[in-house]
Amino acid sequence: MSAVIESHHDDHHHGPAKGFSRWLYTTNHKDIGSLYLWFSFIMLFVGGAMAMVIRAELFEPGSQIVSPEFYNQMVTNHGLIMVFGVIMPAFVGLANWMIPMQIGAPDMALPRLNNLSFWILPAAFGVLLSTFLMEGGAPNFGWTFYAPLSTEYAPPTVTFFIFAVHIMGASSIMGSINIITTILNMRAPGMTLMKMPLFVWSWLITAYLLIAVMPVLAGAVTMMLMDIHFGTSFFSAAGGGDPVLFQHVFWFFGHPEVYIMILPAFGIVSHIIETFSRKPIFGYSSMVYAIASIALLSFVVWAHHMFTVGMPIAGELFFMYSTMLIAIPTGVKVFNWLSTMFKGSLTFETPMLFAIAFVALFTIGGLSGLMLAIAPADFQYHDTYFVVAHFHYVLVPGALFSIVAAVYYWLPKWTGYMYDEVLGKTHFWLSFISVNLTFFPMHFVGLAGMPRRIPDYAMQFADYNMIVSVGAFLFGLSQLLFLFNVLKCVYYGKSATAEVWEGAKGKGLEWTVDSPAPYHTFETSPDLTNPQTNN
Amino acid sequence: MSSESSYYVPASSKLPIFMALSLLLFVYGAGYTINDLGKEDSFSHWILISSFLLMWGTMFFWFSEVIKENDKGMYSDQLNTSFVHGMSWFIFSEVMFFFAFFLALGYVRIFAVPWLGGEGEKGIANILWPGFEASWPLMETPDNERFPGAHHNMSIPALSKIHTWLPFWNTLCLVTSSGTIALAEAALKKGNRKGFKLWMVATLTLGYIFVVLQSVEYYEAYAHMGLTLGAGIYGTTFFLMTGFHGFHVCLGAIILTIMTIRGFRGAFSEHEHFGLAAGSWYWHFVDVVWILLVLVVYVF
């Protein structure tokens with residue numbers, strides 16, 4: 001028995017294996033984190049290319065570049081890829097990299113499961129993208145795949161779409177089980193729940209949301225599969241079902257999903273703002289309670305996506321007021337970020353620029369969300385570009401900016417090298433200007449009545465749409481600069497110190513280890529029970 | 001037997017990538033098989049079958065590796081706690097999967113069907129099929145040509161005839177089996193291996209009887225009641241809810257069968273029997289779902 005234990009101790013001191021098989025067989029949280037992040041990065045360009053096709057088609061009124069059928073496929077897959085293939089995997093990648101380091105754990109709790117959670121993701125998206133080559137073309141019913149568009153009127157590839165969604169869901173559920181187990185079971189001694197870094201807190205709650213709602217999505221697509229192929233009538237009123245039922249089941253998943261894509265961002269931004277303000281975060285415990293209340297409320301607001309579907313008035317009122325309640329904890333968070341910066345000694349490195357832009361622009365998205373929450377007003381806004389503007393403001397300068405900020409913030413810790421600050425700032429300003437150029441005018445065309453998901457539009461929207469398209473192309477190109485900066489950092493970067501940022505002292509365990517972080521960071525957990533050793 | 005103090009992290013593993021490969025095969029296999037239903041020259045079901053073989057094979061090797069590692073004493077108490085967390089959250093995810101179907105049934109019964117029948121605020125839906133009358137169980141669908149309703153339903157009969165009602169026996173089996181597996185665990189914890197084996201066999205027998213009775217019920221539904229998947233929303237919810245439950249009973253029975261075989265071969269000790277405990281939690285979960293299901297699908 002002792003021989004076995006020794007050989008296993010040897011394994012522990014191994015660096016990464018050589019060759020490509022390292023990535024296939026790895027159980028290391030850092031390797032798997034990198035795999036998630038690179039996968040998400042690649043999918044960002046795939047989904048981004050689809051957005052470019054959409055904006056090229058909408059550059060001028062009239063039908064010019066793609067057929068309406070193909071346009072629908074672009075809109076659908078752009079949404080699916082950005083939600084399930086970019087934002088979610090990027091956050092899981094960050095969780096993989098940072099959570100064990102931030103809580104002083106040797107690795108994720110279930111390392112082999114961790115590998116499986118990642119590798120089924122490229123499989124699912126491989127299937128989804130391969131539907132473009134199949135008879136009938138790729139899914140074309142929008143990323144929300146409302147029945148009966150996705151059942152009775154769907155292309156035959158919908159079957160592959162359904163199974164691909166199942167696999168994505170399995171990936172998320174397994175990943176979340178791993179994250180939640182790691183956080184609850186693997187914290188260093190002395191790290192009580194209310195001493196956990198906010199990124200860890202945000203992920204604990206996000207993982208809970210994921211385990212709660214991804215199975216509901218699996219249920220929804222299973223009902224679709226049965227309706228399409230096995231004669232059931234969940235979503236067919238002719239058999240006593242109801243197409244609106246689909247929307248209820250979908251949005252019961254979909255609304256918590258919206259917070260799944262933003263809560264980890266809250267954690268990231270809190271870390272970055274406290275580091276570059278050289279102050280501890282203002283109102284730590286209220287931050288935790290705010291995240292928890294947002295998560296709980298997210299289960300009782302889903303029907304605000306369906307105000308125009310014909311709900312009883314009591315439903316409209318309930319979902320209107322419950323939605324507005326979410327503004328309170330969200331407001332607490334924005335207030336705390338501003339208070340953290342107040343009288344701080346601020347510096348504006350690239351991560352901080354992205355984080356500040358996040359606070360400002362996410363708030364714009366939040367406020368337009370509040371407008372949409374007003375049921376009578378929503379009757380006008382529903383299915384217009386105002387909605388498109390709203391959710392792109394929370395997802396692009398919201399979730400995506402926080403991911404970019406996190407990459408700049410932790411890249412020196414991951415690679416051991418600094419990125420190019422001038423390039424980083426250029427990337428920021430180009431992104432900041434172009435993102436607003438892209439999404440701000442959408443508010444105006446939306447309020448004026450331009451419908452979403454249509455490849456053509458009335459003449460009066462032409463000027464704004466041209467501006468939007470120019471902004472979108474610029475935003476797309478700017479992200480190549482991001483790729484270039486990451487590669488430049490990896491291959492030609494200057495060495496980074498262990499602490500990396502001047503303000504990072506005492507801001508978490510990840511800054512106490514070398515840069516790059518050793519392949520196995522905490523083989524024995526640091527003891528935090530004595531407060532002197534921590535700060 | 002845990003002697004290891006540090007947390008075991010395998011250096012690398014080939015198992016997950018094979019599992020991922022089997023799922024990739026599964027998606028193409030299942031997708032093409034379903035899309036090709038009714039075509040005679042299709043070979044896509046072979047992809048599906050091979051995906052299952054690869055999946056089961058990988059699972060076999062995965063679980064045996066975990067058991068071997070544990071027998072070598074490589075797992076610390078902390079790692080065992082991770083397994084407990086993992087299994088608990090997995091069961092929670094399963095609960096939420098069933099929740100989707102309970103939600104659907106609730107929506108259909110409380111809102112959709114009454115509205116189609118002209119009731120309440122949204123009763124205007126009645127103009128789609130004027131004359132349609134709402135009832136539950138829904139025996140006549142709005143469009144009876146497309147979704148021919150059933151002749152009979154599965155609802156609870158008068159109490160005097162309860163012994164002719166299969167779900168009654170099913171409930172009895174499943175609830176009893178939840179008790180017998182608890183007895184098996186208790187016997188194991190006391191070191192009474194004979195009692196442990198006996199109660200495991202009793203649990204399995206009851207579980208298999210449940211599966212058989214459920215199959216008989218489905219046969220009756222299709223052969224004599226006109227109750228099919230295509231019989232409208234009553235048949236839809238009935239088959240999907242009892243079907244997914246039955247599928248989970250089968251999974252649980254497979255898990256417990258393996259645990260029983262392992263038990264007969266001398267596995268598990270008084271203190272270390274997580275595999276069995278996890279299987280038993282799963283079995284209790286299946287039991288609880290059944291009780292809720294009997295209430296909303298059969299009784300009320």
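Visitor: Over which residues of chain A does pLDDT stay under 50?

Guide: Where pLDDT is low, the predicted coordinates should not be read in detail. This is a predicted model, and in chain A the stretch concerned is residues 1-12, where pLDDT stays under 50. For residues 1-12 of chain A the model has nine contacts beyond four places in sequence.

Visitor: What pLDDT do chain A and chain B average?

Guide: Chain A averages a pLDDT of 94, and 96% of its residues score at least 70. For chain B the average is 93, with 98% of the residues scoring at least 70. For the complex, the predictor gives an ipTM of 0.95 and a pTM of 0.95.

Visitor: How many helices and how many strands does chain B have?

Guide: Chain B has seven helices and zero strands. Read from the N terminus on, its elements run α-α-α-α-α-α-α. The C-alpha atoms of chain B fill a box of roughly 75 × 50 × 40 Å along the principal axes. Of the contacts in chain B between residues at least 6 apart in sequence, 67% join residues at least 24 apart. Buried residues account for 39% of the 300 residues in chain B.

Visitor: Which domains does the assignment give for chain B?

Guide: The assignment gives domain 1 (1-75) and domain 2 (81-299). Taken over C-alpha atoms, the centres of domain 1 and domain 2 of chain B are separated by 26 Å.

Visitor: Which residues touch the most other members of the largest nonpolar core?

Guide: In soluble globular proteins, nonpolar side chains tend to be buried together. Here the largest nonpolar core has 255 residues, and A:Ile87, A:Ala164, A:Ala220 and A:Ala405 touch the most other members. Helix H7 (residues 198-229) of chain A gives the most to this core, namely 25 residues. From chain B, domain 1 (1-75) and domain 2 (81-299) each contribute at least three residues to this core. Another core, of six residues, lies apart from it and includes B:Tyr7, B:Tyr8, B:Tyr75 and B:Leu79.

Visitor: Which residues does A:Ala405 touch, not counting residues up to four places away in sequence?

Guide: With those neighbours left out, A:Ala405 touches A:Ile268, A:Val269, A:Ile272, A:Pro351, A:Phe354, A:Ala355 and A:Phe358.

Visitor: How many residues does the contact take from chain B and from chain A?

Guide: The size of an interface is often given as the accessible area lost when the parts come together. Counted by residues, the contact here takes 64 from chain B and 64 from chain A. On the side of chain B that touches chain A, helix H1 (15-35), helix H3 (77-116) and helix H6 (233-264) each supply at least two residues. H3(B) provides the largest share of that side, 22 residues. By class, the side of chain B that touches chain A has 40 nonpolar, 16 polar and eight charged residues.

Visitor: Why is B:Leu204 classed as partly exposed?

Guide: A residue counts as buried if 20 or more other C-beta atoms lie within 10 Å of its own, and as exposed if 12 or fewer do. B:Leu204 is partly exposed because it has 19 other C-beta atoms within 10 Å. B:Leu204 belongs to helix H5 (residues 193-225) of chain B. Residues up to four places away in sequence aside, B:Leu204 touches B:Ala253, B:Leu256, B:Thr257 and B:Thr260.

Visitor: What distance does helix H16 of chain A reach from its first C-alpha to its last?

Guide: Helix H16 (residues 421-447) of chain A has 27 residues and reaches 39 Å, close to the 39 Å expected at 1.5 Å a residue. A:Gly449, with a positive phi near 110°, follows H16(A).

Methods
Residues numbered from 1 in each chain as written. Chains lettered and ligands numbered in written order. Predicted model: local features only at pLDDT ≥ 70, side-chain atom pairs only at ≥ 80, totals over all residues. Domains from an automatic or database assignment. Core = buried A, V, L, I, M, F, W, Y, C linked by C-beta atoms within 7 Å. Helix = DSSP H or I, 4+ residues; strand = E, 2+ residues; numbered from the N terminus. Contact = placed C-beta atoms within 7 Å. Nonpolar A, V, L, I, M, F, W, Y, C, P; charged D, E, K, R; others polar. Expected span 1.5 Å × (residues − 1). pLDDT = per-residue confidence, 0-100.
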